[in-house]
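Dear colleague,

I am handing over the structure that we spoke about, and below it you will find what was found in it. Please read the notes with the structure open beside them.

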Amino acid sequence: MRPSVTAPLVLSLGDPCGTGPELVHKAWAALRSQTQYAFTVLGDADLLASLGPVQRLTDLSDAIAAFPDALPVLDRPLSAPPLPGNPDPVHAPHITSWIREGVELCLSGAARGLITAPIAKSVLYASGFAFPGHTEYLGDLTAAAPYPGTRGPVMMLTAPDAVNESALRVVLATIHTPLSEVKAHLSAETVRTLAHVTHEALIRDFGVAKPRLVLAGLNPHAGEDGTIGREEVDLLQPLVAALCNEGLDISGPLPADTLFHAEARRTYDAALCLYHDQGLIPLKTLDFWGGVNITLGLPLVRTSPDHGTGFAIVGKGIARPDSLINAIRAAHDISLNRAQTY
Ligand SMILES: NC(=O)C1=CN([C@@H]2O[C@H](COP(=O)(O)OP(=O)(O)OC[C@H]3O[C@@H](n4cnc5c(N)ncnc54)[C@H](O)[C@@H]3O)[C@@H](O)[C@H]2O)C=CC1
Ligand SMILES: NCC(=O)COP(=O)(O)O
């Protein structure tokens, strides 16, 4: 069902021992007077009440009215008390159930977007979580839901507060893949799907009328005509030619080391990167505090701060909410764009 633009956003609390709970309160305090960003937390209300004012909701539709006065929460209690800064796999089933319920609320139309606070992957893996991260989990949870475009999930990171005028968007062909295995995971079909999902999402989710894509090379100097690696010649150049024939505006493969300076960024709307750090190093260098992680190609809107659980700084009052605030704003913006084009 298509979500109403007047439905609230929902936010899964993530790891209760991380910075998520305090950041949620900081984000609420920053946004409480702007009810277009009203969100409700799926998580433990006692934990959140220990950090600031909360309103326990029984009905999600009360979220917008409650938002200016207190942080709205759909109380989904933990079974053991969380120790700040000390993650414990005992919380894993709750963490994943908050995400699952957020997905259900979005797919039913009761919520118009899901923001996920950070999870610690290794903690979830220790309790049997079978997905590399939210991205793949959300792809699995939504596999049966109708979607009008090319299916993701695709991970996009955006640096909305990047300096030098031009923001940066990167999308990843491989995500949490060890570097030694990246090459084996790169196929024409993987990169082709990445390009199409990104092209369609730039139109549907970001309102870019004619998306311009660029593909980064894998090797130094993009292989230098096959003399420093052959992936560009054998795989990526023919693929870019095929994608151009399919109607996409895409260039590359280009050397990654000269792809991210301000002037270069003005020439494209999204950079297709082949592995995690190829895209995330420039992004986090440009905008360490404000980056947003967005999942493309899903039948729901999902955003997240680009940082992790920050266990070492929990409770110290120094965790910055910029990225979470940007994630909430991005979910709002994307849901409005989708309402116009979906
Ligand atoms: N969206 C998600 O669910 C993500 C989860 N993670 C998970 O987070 C855990 C920790 O990963 P790390 O690589 O240590 O990354 P991290 O982002 O938690 O920490 C990296 C550095 O940034 C600082 N930092 C993090 N958030 C901050 C904030 N809001 N304000 C100020 N400083 C902040 C930390 O103190 C640390 O120095 C891992 O288990 C990882 O799986 C990592 C990235 C995204
Ligand atoms: N480095 C990005 C990250 O870890 C986010 O992963 P996900 O949980 O959004 O799939």
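Helix H8 (residues 188-204) and helix H9 have axes that come within 10 Å of each other and cross at roughly 40°, where axes are lines fitted to C-alpha atoms, for helices over the stretch in contact, and angles run from 0 to 180 degrees between N-to-C directions. Helices (H or I, at least four residues) and strands (E, at least two) are DSSP runs, numbered from the N terminus. Please keep in mind that this is a predicted model, in which local features need pLDDT of at least 70 and side-chain atom pairs count only at pLDDT 80 or more, while totals for chains, interfaces and linings use all residues. Residues are numbered from 1 along each chain as its sequence is written, and chains are lettered from A and ligands numbered from 1 in the order in which they are written.

H8 and H9 are therefore oblique to each other, given that angles under 35 degrees count as roughly parallel, over 145 as roughly antiparallel, 65 to 115 as roughly perpendicular and the rest as oblique. The crossing of H8 past H9 is right-handed; a crossing is left-handed if the near helix is turned anticlockwise from the far one by less than a right angle, and right-handed if clockwise. On the side of H8 the contact is made by Ala188, Val191, Arg192 and Ala195, and on the side of H9 by Leu235, Leu239 and Leu243, two residues being in contact if their C-beta atoms, placed from the backbone, lie within 7 Å. These contact residues divide into six nonpolar, no polar and one charged, where Ala, Val, Leu, Ile, Met, Phe, Trp, Tyr, Cys and Pro count as nonpolar, Asp, Glu, Lys and Arg as charged, and the others, Gly among them, as polar.

H4 passes H6 in a right-handed crossing. Here Ile99, Arg100 and Val103 of H4 meet His134, Tyr137, Leu138 and Leu141 of H6, and the residues of this contact divide into five nonpolar, one polar and one charged.

**The sheet**

An open sheet of 12 strands, with mixed pairing, has the order S3-S4-S2-S1-S5-S12-S11-S6-S7-S10-S8-S9, and two strands pair if DSSP finds at least two bridges between them. At its edges are strand S3 (54-56) and strand S9 (249-254), each of which pairs on one side only. Neighbouring strands of this sheet are turned by 30° against each other on average, direction ignored. Helix H9 (residues 231-245) packs on the sheet, where it touches strand S8 (212-216) and S9, and its direction makes about 170° with that of S9. Strand S11 (residues 292-296) and strand S12 (residues 302-305) run antiparallel and are joined by four bridges; the bridge partner of Thr295 is Arg302 in S12.

**The ligands**

Around ligand 1 there are 18 residues, the closest being Ala120, Lys121, His307, Gly308 and Gly310, and a residue is near a molecule or strand if its C-beta atom, placed from the backbone, lies within 6 Å of it. By class, this shell has seven nonpolar, nine polar and two charged residues.

**Backbone details**

The peptide bond from Gly252 to Pro253 is cis, with omega near 0°, and Pro253 has its place in strand S9.
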